Amino acid sequence: MSGVGNIKLGDTMVHEVPRGSSTASPDLSVILSAGLTPLDADTDRFIRDQMLAPFLPDGRDIVAVEEVGPDGTSDLELVPRLVKELIADPTKLPDHSRQIAQHLFDSQVGAAPAGIFLASVGTCDAGDCVIVMKAEHQEGVRMRHHGTPGHVSFDVEHISELIVGKNSKVYKIAMLWLRRDDTVVGKMVDKQNGAGWADYFLHKFLGMQLTFQSEILTRDLLENATKHINSSFTPEKRTRYTRALVALLEGPEKEISGSQFLIRSIDPEDRDDFAEALPPQVLATFRKDVTLVKSRIGGLVFDLQGGAVQVKATSEAVANGLVEVDEVEEQVVIKGVPENIAPSGPPKR
């Protein structure tokens, strides 16, 4: 999805959101701004160049889906509805941003950090857009010197109203605009959760869905197949089937199918039960996207003695026989002498 270039900020509102949520912290409340927050040229440029532009191009594509009620009528969730109104009439920003900031506090989980909430009506390659961002609030000091060379003195001023600085953490961003068919679409970034995202931010707060579900289908295939493999088969089959699953996700194919995986890699007598253990949607062909599972492929982990011992190996080591599962002796065989031995934390049970 294009549209995230040439970002320009227009009218902007800043509010302060406390830690936690309104449910977990009923004694806390959002500090709502009464009026627009002026941004000088340097602050405007800093927010765009350091806090938006580096992250939005790699953000998740999202789309608003109207919910159909029992009476057959449909409506948008709060944020997409207010976004449409803001794009139509930016003068509503003060009131609408206060609603959105309060909605964020109501939606977020109890462990969510405190921060500043910024809302701005601006423009981007896609046209008029609304940007919402939660970032770390910072304080700082400002030093000024006066006098003449050899007789310089400094004044140090504490700046409690500093909004963001170079060390600020960007927590969450969404940039939203209208597609040609008047659907609210955009980009979402969750810097706290890496390749994943906080479910509350996407669904409960933004009230939107991922445009492309391929990364979720890829994750669901891996998780459900791994669960079934470890609960239903002998050690030899567990190793073989897991190797095939990893090879499928690491391979060059751009599209994968759970049904084809069963035909190619699972013994005929195991396929029916295996198919029942997988979500129906992963049995069809879908675009492979390993964004959510990158850290979980590329190798195999053998748990022994209830997790007291873990043996981790690359896929190549298993394929080449450097690590073997001996079902007769009920043991994992590692061929080779350790090149290094070092202290380590305990295995992950």
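Student: Which backbone oxygen lies 3.1 Å from a polar atom of the side chain of Ser 97?

Tutor: That's the backbone oxygen of Pro 94. Keep in mind that this is a predicted model.

Student: OK. Where is Ser 97 found?

Tutor: Ser 97 sits in helix 3, which covers residues 93-107.

Student: And is Ser 97 buried or exposed?

Tutor: Ser 97 has 0% relative accessibility, so it counts as buried.

Student: What is Ser 97 in contact with, leaving aside its neighbours within four places in sequence?

Tutor: With those neighbours set aside, Ser 97 is in contact with Met 13, His 15, Phe 117 and Ala 119.

Student: Let's zoom out. How many helices and strands are in the protein?

Tutor: The secondary structure comes to nine helices and 17 strands.

Student: What percentage of the residues is buried?

Tutor: Buried residues make up 41% of the 349 residues.

Student: And what about contacts between residues 24 or more positions apart?

Tutor: Among contacts with a separation of 6 or more, those between residues 24 or more positions apart account for 66%.

Student: On to helix 5. How do the axes of helix 5 and helix 6 cross?

Tutor: Helix 6 is residues 235-250, and its axis comes within 10 Å of the axis of helix 5, with a crossing at roughly 175 degrees. Helix 5 and helix 6 are therefore roughly antiparallel to each other.

Student: Which residues meet there?

Tutor: Helix 5 brings Thr 218, Leu 221, Leu 222, Ala 225, Thr 226, Ile 229 and Asn 230, and these meet Arg 238, Tyr 241, Thr 242, Leu 245, Leu 248 and Leu 249 in helix 6. By class, that contact has eight nonpolar, four polar and one charged residues.

Student: What about helix 5 and helix 8, how do their axes cross?

Tutor: The axes of helix 5 (residues 214-232) and helix 8 (residues 268-277) come within 9 Å, crossing at roughly 135 degrees.

Student: Is the crossing left-handed or right-handed?

Tutor: Helix 5 passes helix 8 in a right-handed crossing.

Student: And which residues meet between helix 5 and helix 8?

Tutor: On the helix 5 side you have Asn 224, Ala 225, His 228 and Ile 229, and on the helix 8 side Asp 273, Phe 274 and Ala 277. The class breakdown for this contact is four nonpolar, two polar and one charged residues.

Student: Back to Thr 218 in helix 5. Is Thr 218 buried or exposed?

Tutor: Thr 218 counts as buried, at 0% relative accessibility.

Student: What does Thr 218 touch, not counting residues up to four places away in sequence?

Tutor: With those left out, Thr 218 touches Leu 249, Phe 286, Arg 287, Lys 288, Asp 289, Val 290 and Val 293.

Student: How far apart are Val 83 and His 96?

Tutor: Their C-alpha atoms are 8.6 Å apart, and the two residues are 13 apart in sequence.

Student: Last one: what about Ile 47 in helix 1?

Tutor: Helix 1 spans residues 41-52. Ile 47 is buried, with a relative accessible area of 3%.

Technical notes
Residues numbered from 1 in each chain as written. Predicted model: local features only at pLDDT ≥ 70, side-chain atom pairs only at ≥ 80, totals over all residues. Heavy atoms only, no water. Axes fitted to C-alpha atoms, helices over the stretch in contact; angles between N-to-C directions. Helix = DSSP H or I, 4+ residues; strand = E, 2+ residues; numbered from the N terminus. Left-handed = near helix turned anticlockwise from the far one by under 90°. Contact = heavy atoms within 4.5 Å. Nonpolar A, V, L, I, M, F, W, Y, C, P; charged D, E, K, R; others polar. Buried < 20%, exposed > 50% of the residue type's maximum accessible area, 1.4 Å probe, protein only. Polar contact = N/O pair within 3.5 Å; in protein donor to acceptor, adjacent residues only side chain to side chain. Parallel < 35°, antiparallel > 145°, perpendicular 65-115°, else oblique.
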